[in-house]
Amino acid sequence: MGSKFNGCITKVRAAFILLATALLLQVPGKVHGQEVERSPYYLKTQFAGDIGLVAVGFGREHLQEKLETDLFLGYLPASVGGEQILTAALKATYIPFQDIPLAMLDWQPFRTGLQLGYTFGDDYFGIEPRDQYPKGYYGFSTALHLYYFMGGELDLARVEGLEKLGLYYEVGTIGKYLISYLQNPGYLGPGKIFHLALGVKVSL
């Protein structure tokens, strides 16, 4: 199961890098001299990021593009996670710095935020059921997850036909993983608790 999941991550990561590289290497004739006005509303598709293997969502930009709020629905197939899992997540992303122009692209070098996720299913609970477990047996919700992340985004602002497209990348971890790491740094390494997420954003 772990090898399959790692294999999927490697393939998607490679596809993302190849796509970004191909766009960066496009000839100057494909570059637009004038940017297209973008709607504050957008759609997203995301790979990983603790909301399933694949998630789809929509969102809106606020505060002059300094803040994004998203609603995601995610899916993890049984062939990857051992059981089929459906998730939902509310995500808020803060963009503190202005975009950096890179030829036909605009680069957001730093984005950070929080994501509150919920896992559906009878095996997960928001509040520990007292009739099934002794008080404090888990000590945390198995359905609700607070996820912290940071990353960046490449907007194809001046690429003909792709002006409304953005590619983003994030590294993040769930709050309880981070607490466990801080309490047991010798047992858990950063590679075990931080996960990579890749996504595509399309302005409407």
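Gln64 is placed in the loop between strands E2 and E3. Helices (H or I, at least four residues) and strands (E, at least two) are DSSP runs, numbered from the N terminus. This is a predicted model, in which local features need pLDDT of at least 70, side-chain atom pairs count only at pLDDT 80 or more, and totals for chains, interfaces and linings use all residues. Residues are numbered from 1 along each chain as its sequence is written, and side-chain values use heavy atoms, with hydrogens and water left out.

**The loop between E2 and E3**

- Gln64 has a positive phi of about 55° although it is not a glycine.
- Leu63 is in the loop between strand E2 (54-62) and strand E3 (67-76), and its phi is near 50°, a positive value in a residue other than glycine.
- Most residues other than glycine have a negative phi.
- Gln64 counts as exposed, at 77% relative accessibility, and Leu63 counts as exposed at 63%.
- Buried means under 20% relative accessible area, exposed means over 50%, and partly exposed is in between (1.4 Å probe, protein chains only).

**Salt bridges**

- A salt bridge is a side-chain nitrogen of Lys or Arg within 4 Å of a carboxyl oxygen of Asp or Glu, and by this rule the count comes to 9 salt bridges.
- Side chains of opposite charge can pair when their charged atoms come close.
- Asp70 and Lys44 form a salt bridge, with the closest N and O atoms 2.9 Å apart.
- Asp70 lies in strand E3 and Lys44 in strand E1, so the pair links distant parts of the chain, 26 residues apart.
- Asp70 counts as buried at 4% relative accessibility, and Lys44 counts as buried at 2%.
- Glu61 forms a salt bridge with Lys201, whose closest N and O atoms are 2.9 Å apart.
- Because Glu61 is in strand E2 and Lys201 is in strand E9, this pair ties together parts that are 140 residues apart in sequence.
- Glu61 counts as buried at 13% relative accessibility, and Lys201 counts as buried at 1%.
- Glu170 and Lys91 meet through their side chains in a salt bridge (3.0 Å, N to O).
- Salt bridges that share partners join Lys44, Glu61, Glu68, Asp70, Arg111, Glu153 and Lys201 into one network.

- Gln46 lies in strand E1 (residues 41-47) and counts as buried at 1% relative accessibility.
- A polar contact is a pair of N or O atoms within 3.5 Å; within protein, one must be able to donate a hydrogen and the other to accept it, and residues adjacent in sequence count only if both atoms are side-chain atoms.
- The side chains of Gln46 and Tyr168 are joined by a polar contact of 2.9 Å.
- A polar atom of the Gln46 side chain lies 3.0 Å from the backbone oxygen of Ala48.
- Contact means heavy atoms within 4.5 Å; leaving aside neighbours within four places in sequence, the residues in contact with Gln46 include Phe72, Lys91, Tyr168 and Glu170.

- Strand E8 (residues 165-174) is largely enclosed by the rest of the structure, because 8 of its 10 residues are buried.
- Two strands pair if DSSP finds at least two bridges between them.
- E8 pairs in the antiparallel sense with strand E7 (residues 144-155) over 9 bridges, and with strand E9 (residues 195-203) over 8 bridges.
- Phe149 has Gly172 in E8 as its bridge partner, and Gly166 stands opposite Lys201 in E9.
- A charge sits over a ring if NZ of Lys or CZ of Arg is within 6 Å of the ring centre and within 35 degrees of the ring normal.
- Lys91 lies over the face of Phe149, at 4.8 Å from the ring centre.
- The charged end of Lys44 sits over the ring of Tyr168, 4.9 Å from its centre.
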